[in-house]
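Hello,

Here is the structure for you to look over. My notes on it follow below.

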Amino acid sequence: MNKDLLLGKWEQLKGSAEKEWGKLTKDDWNEIKGDTQILKGKIQERYGLTKEEAEKAYEDFKAKLDK
């Protein structure tokens, strides 16, 4: 799934993303609004991951959606 598709389907995908990353707050989700860079940063911050780990977590999630 490419970035434009994620932005276009954000409201539909948001529920799956919220289940995946339950530590993100409602305010986090309101800030993210489908922006993958902000999402990765929030994952990194809330889960104490490195930038590379957050990127991998996002890519793994994206791969599940592409199936």
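At the start of H4, which side-chain oxygen reaches to within 2.9 Å of the backbone nitrogen of Gln37? It belongs to Asp35.

Some ground rules. This is a predicted model: local features need pLDDT of at least 70, side-chain atom pairs count only at pLDDT 80 or more, and totals for chains, interfaces and linings use all residues. Residues are numbered from 1 along each chain as its sequence is written, and side-chain values use heavy atoms, with hydrogens and water left out.

H4 covers residues 36-47. Helices here are DSSP runs (H or I, at least four residues), numbered from the N terminus. The 12 residues of H4 should span 16 Å at 1.5 Å a residue, and its end C-alpha atoms are 16 Å apart, which agrees. The expected span is 1.5 Å times one less than the number of residues.

Thr36, Leu39, Lys40, Lys42 and Ile43 are buried in H4 (under 20% relative accessible area, 1.4 Å probe, protein chains only). They fall within an arc of 160° seen down the axis, so they line one face of the helix. The arc is taken from the directions from the helix axis to the C-beta atoms. On the other side, Gln37 and Glu45 are exposed (over 50%). Gly48 follows H4, with a positive phi near 65°.

Leaving aside neighbours within four places in sequence, Ile43 is in contact (heavy atoms within 4.5 Å) with Trp21, Gly48, Leu49, Ala54 and Ala57.

Best wishes

Technical notes
Helices (H or I, at least four residues) and strands (E, at least two) are DSSP runs, numbered from the N terminus. A polar contact is a pair of N or O atoms within 3.5 Å; within protein, one must be able to donate a hydrogen and the other to accept it, and residues adjacent in sequence count only if both atoms are side-chain atoms.
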